[in-house]
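Dear colleague,

My notes on what was found in it follow.

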Amino acid sequence: MEQYSMNLTLKVWRQKNANEQGRFDTYQVKDISSEMSFLEMIDVLNEEMIREGKDPIAFDHDCREGICGMCSMYIDGRPHGPWQNNTVCQLHMRAYKDGDTIVIEPWRANAFPVIKDLMVDRSSFDRIIQAGGYISVNTGSPVDANAIPVNKDMADASFAAAACIGCGACVSACKNSSAMLFLSAKVTHLALLPQGDPERRSRALKMVAQMDKEGFGACTNTGACEAVCPKGISIENIARLNREYLAAGLVAE
Amino acid sequence: MKWSELFTSSVGKKVIMALTGIFLILFLIVHVGLNATIWAMDGGEMFNKGAHFMGSNIVPRILEIGLFAGIILHIVQGLMLEFQNRSKRKQGYAVAMGNKGSKWYSRSMGVLGTLILLFLVVHIADFWLPNRSNQGFLLGEEINLYDKMQEVFKQEWVVALYLLGCFSLAWHLLHGFQSAFRTFGVSNKKYLALINCVGIGFSIIVPLAFAMMPVSFYFGWV
Ligand code: HEM
Ligand code: SF4
Ligand code: FES
């Protein structure tokens with residue numbers, strides 16, 4: 001594709017901190033290359049604002065290669081922007097054309113309070129993991145790869161679920177602000193492997209209890225989460241989590 | 001884990017919705033089957049026999065209590081869930097996500113359910129209440145329900161409300177039928193495909209059959 005440059009209008013959510021009321025501010029950006037990433041486009045704007053002595057737009061990012069899950073922008077009514085199976089850092093400006101107006105909001109959910117501008121506090125996800133998203137043994141040095149037999153299909157399904165980068169787009173997209181896709185990815189990833197099997201019951205119970213405590217909503221299977229997940233985590237995992245939870249809850253004393 | 005903990009968790013609440021929802025679906029099968037006898041073209045003879053069996057027999061009358069309990073639980077829990085879920089995002093989005101990724105009816109279960117409820121109130125006041133009060137709420141003399149239908153379905157607004165009820169039910173079931181099985185934990189693609197097909201068929205055929213009942217009376221087809 002030919003490289004081209006464009007001028008854009010950005011409407012960006014600005015909010016000083018969690019307690020202050022936020023608002024949209026409008027910015028013009030000029031000569032943006034179609035080969036830039038979306039975050040580089042924001043960098044250009046931020047550098048200009050710094051030169052002018054203004055407060056740059058705060059946003060989360062780390063790897064900028066679609067693997068860390070830090071970047072989080074709700075762009076024109078869709079978490080991570082218009083592309084499928086994609087993070088904002090991997091969204092490129094060739095998705096836009098000259099003269100476009102782009103509206104950028106932070107993830108919105110009570111469980112993800114805004115820290116500043118487009119940055120939200122996702123430590124509720126960390127606490128859900130801490131509640132049970134682990135295997136409680138000292139693993140020591142690696143054992144022989146074939147010492148524990150693992151069914152290939154199970155290993156593949158587990159690996160697909162383990163691809164979740166904990167970005168929170170699923171919560172951001174869900175009308176109920178439910179974290180079930182994230183939770184189901186973590187539970188599935190561990191439940192399908194022999195190492196995770198002994199704790200699968202208590203894990204599902206503990207993680208769901210923590211999710212409820214953090215103020216996420218209940219899932220109603222709308223499928224919006226799956227549609228925006230940058231890692232293609234399947235909604236079938238939610239049904240598996242329901243099964244794990246029910247099986248555990250019905251027998252737990 | 002106590003029962004109370006299990007059924008008040010986010011997943012547990014959904015399981016109650018699914019259990020009561022499937023129970024209501026089972027009821028609908030019986031209800032639509034019995035009512036279809038209005039099309040026997042015998043002036044309501046077969047229909048009234050069926051109605052008499054259901055109304056004068058102790059077993060359906062006991063099941064009726066379960067039905068009321070089930071629907072009340074479904075409605076109360078459904079509306080509470082709807083409001084709780086809405087409260088989880090105090091600050092909304094300026095640009096709504098809309099249909100990017102989910103179907104409108106899957107996001108409108110509360111509204112669709114409320115429309116069904118509106119219809120249900122009128123429906124119960126039309127038939128169940130007069131019939132049962134005539135029976136002294138025990139096993140007494142019933143009224144002729146076929147004649148009653150002929151009378152009730154002469155009014156345009158009643159027919160319109162019944163059609164709205166059936167229309168809402170169709171969309172409610174289109175999401176609800178398959179959603180209930182996901183809530184029970186069916187994640188196997190092979191079964192989900194089957195459930196989806198049956199669900200779509202059920203959601204179209206049953207509400208359509210119900211909708212044709214007031215229409216048939218209104219136009220004098222029966
Ligand atoms: C004969 C009437 C009805 C039938 C057969 C029915 C059936 C169902 C089914 C099968 C579900 C899916 C459960 C799940 O996803 O796990 C459901 C969910 C729901 N129903 Fe109903 N329902 C009926 C009436 C109502 C009424 C009267 C209301 C409210 C006033 C209502 C409100 C809801 C709500 C809020 C949900 C949860 C939405 C969701 O999980 O997506 N329903 N219903
Ligand atoms: S399930 Fe997908 S959308 Fe949700 S946190 Fe994981 S990677 Fe992000
Ligand atoms: S910055 Fe790491 S995934 Fe986007």
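The buried residues of α6 of chain A are covered by elements that include α2 (123–132), α5 and α8 (236–251) of chain A, together with α2 (10–35) of chain B. Please bear in mind that this is a predicted model. The residues buried in α6(A) are A:R203, A:A204, A:L205, A:M207, A:V208, A:Q210 and A:M211. An α-helix has 3.6 residues a turn, so residues three or four places apart point the same way. Helix α6 of chain A runs through residues 200–213. From first C-alpha to last, its 14 residues reach 20 Å, close to the 20 Å expected at 1.5 Å a residue. Just after α6(A), A:G215 adopts a positive phi of about 90°.

A:S177 is buried, its relative accessible area being 0%. B:F137 counts as partly exposed, at 44% relative accessibility.

Ligand 2 sits in the second largest cavity. In chain A, α4 (169–173) and α5 (180–191) are the elements that give two or more residues to its shell. Of the 13 residues around ligand 2, those that come nearest are A:C164, A:C167, A:G168, A:C170 and A:C229. By class, the shell holds eleven nonpolar and two polar residues, with no charged residues.

With kind regards

Technical notes:
Residues are numbered from 1 along each chain as its sequence is written. Chains are lettered from A and ligands numbered from 1 in the order in which they are written. This is a predicted model: local features need pLDDT of at least 70, side-chain atom pairs count only at pLDDT 80 or more; totals for chains, interfaces and linings use all residues. Side-chain values use heavy atoms; hydrogens and water are left out. A residue is near a molecule or strand if one of its heavy atoms lies within 4 Å of it. On a 1 Å grid over the protein atoms alone, a cavity is a set of points where a 1.4 Å probe fits but cannot get out, and a pocket is an open set with protein on both sides within 12 Å along at least five of seven lines; lining residues have an atom within 4 Å of a point. A molecule sits in a cavity or pocket if more than half of its atoms lie within 2 Å of its grid points. Helices (H or I, at least four residues) and strands (E, at least two) are DSSP runs, numbered from the N terminus. Ala, Val, Leu, Ile, Met, Phe, Trp, Tyr, Cys and Pro count as nonpolar, Asp, Glu, Lys and Arg as charged, and the others, Gly among them, as polar. The expected span of a helix is 1.5 Å times one less than its number of residues. Buried means under 20% relative accessible area, exposed over 50%, partly exposed in between (1.4 Å probe, protein chains only). Contact means heavy atoms within 4.5 Å.
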